[in-house]
Amino acid sequence: MLLVLLIIFPLSSCVSNYRPIDPPIVYCDPAQIQLLACIESFKVKGLVFRCIGYGSMLPIIKTGDYLIVMPKTFSENDLLEKIVVYKSKSNNLAVSHRLVRKDKEGYLAKGDHNLAADIEYVTRQNFIGEVIEIFRAEK
């Protein structure tokens with residue numbers, strides 16, 4: 001089971017408000033959520049994704065959440081245990097999962113709600129960025 005994301009729009013702006021720990025969750029009124037994502041774009045140079053997935057990252061990421069994703073240089077050292085977005089080679093969709101292990105092939109990702117890791121690796125070629133903030137429409 002994969003958490004599938006729909007890209008909404010690219011953001012371009014100033015310096016990021018980067019946080020190295022799990023992304024914070026911001027609760028919003030559904031009518032305000034897209035506006036808040038736009039406001040956030042003034043703080044972050046990144047991408048906004050909307051989760052259209054299957055619950056593989058519950059309870060951290062829920063269907064309908066907006067994810068602020070910081071495009072980063074793929075690093076061999078600092079991504080373990082981070083929630084990232086990568087492009088699945090098997091179905092060409094953006095997936096958001098936590099990186100749980102690193103070996104010579106790349107990183108293995110796993111949804112927090114899944115029992116097993118993904119079958120494909122996250123590598124420099126399919127890595128999109130790190131999730132740095134989550135906007136949620138419902139409490």
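A nonpolar core is a set of buried Ala, Val, Leu, Ile, Met, Phe, Trp, Tyr and Cys residues joined through side-chain atoms within 4.5 Å. Buried means under 20% relative accessible area, with exposed over 50% and partly exposed in between (1.4 Å probe, protein chains only). This is a predicted model, in which local features need pLDDT of at least 70, side-chain atom pairs count only at pLDDT 80 or more, and totals for chains, interfaces and linings use all residues. Residues are numbered from 1 along each chain as its sequence is written, and side-chain values use heavy atoms, leaving out hydrogens and water.

Start with confidence. pLDDT is the predictor's confidence in each residue, from 0 to 100. The protein chain has a mean pLDDT of 75, and 63% of its residues reach 70 or more. Strand E1 (residues 4-10) has the lowest confidence, at a mean of 44. Strand E8 (residues 121-122) has the highest, at 96. Strands (E, at least two residues) and helices (H or I, at least four) are DSSP runs, numbered from the N terminus. Over residues 6-21, pLDDT stays under 50. The model still has 47 contacts there beyond four places in sequence; a contact means heavy atoms within 4.5 Å. Where pLDDT is low, the predicted coordinates should not be read in detail.

Now turn to the largest nonpolar core. It has 12 residues in all, including Leu47, Phe49, Cys51, Val69, Val85 and Val131. E3, E4, E5 and E9 each give two or more residues to this core. E3 gives the most, with 3 residues. Another core, of 10 residues, lies apart from it, and Leu79, Tyr107, Ala109 and Phe127 are among its members. In soluble globular proteins, nonpolar side chains tend to be buried together.

Look at E3 itself. E3 and E4 run antiparallel, joined by 4 bridges; two strands pair if DSSP finds at least two bridges between them. Leucine 47 has valine 69 in E4 as its bridge partner.

The loop between E3 and E4 holds glycine 64. Glycine 64 counts as buried because its relative accessibility is 14%. Its C-alpha atom is separated by 5.1 Å from that of cysteine 51, 13 residues apart along the chain. Leaving aside residues up to four places away in sequence, glycine 64 touches Arg50 and Cys51.

Aromatic rings come next. The structure holds 2 aromatic pairs. Rings of Phe, Tyr and Trp (its six-membered ring) pair if their centres lie within 6.5 Å; planes under 30 degrees apart count as stacked, over 60 as edge-to-face and the rest as tilted. Phenylalanine 74 and tyrosine 107 have ring centres 5.8 Å apart and planes at 75°, so this pair is edge-to-face. The pair links distant parts of the chain, 33 residues apart: phenylalanine 74 is in the loop between strand E4 (66-70) and strand E5 (83-87), and tyrosine 107 is in strand E7 (residues 106-110). Tyrosine 107 counts as buried, at 1% relative accessibility. Phenylalanine 74 also counts as buried, at 8%.

Phenylalanine 127 lies in strand E9 (residues 127-136), 53 residues from phenylalanine 74. Phe74, Tyr107 and Phe127 form one aromatic cluster.
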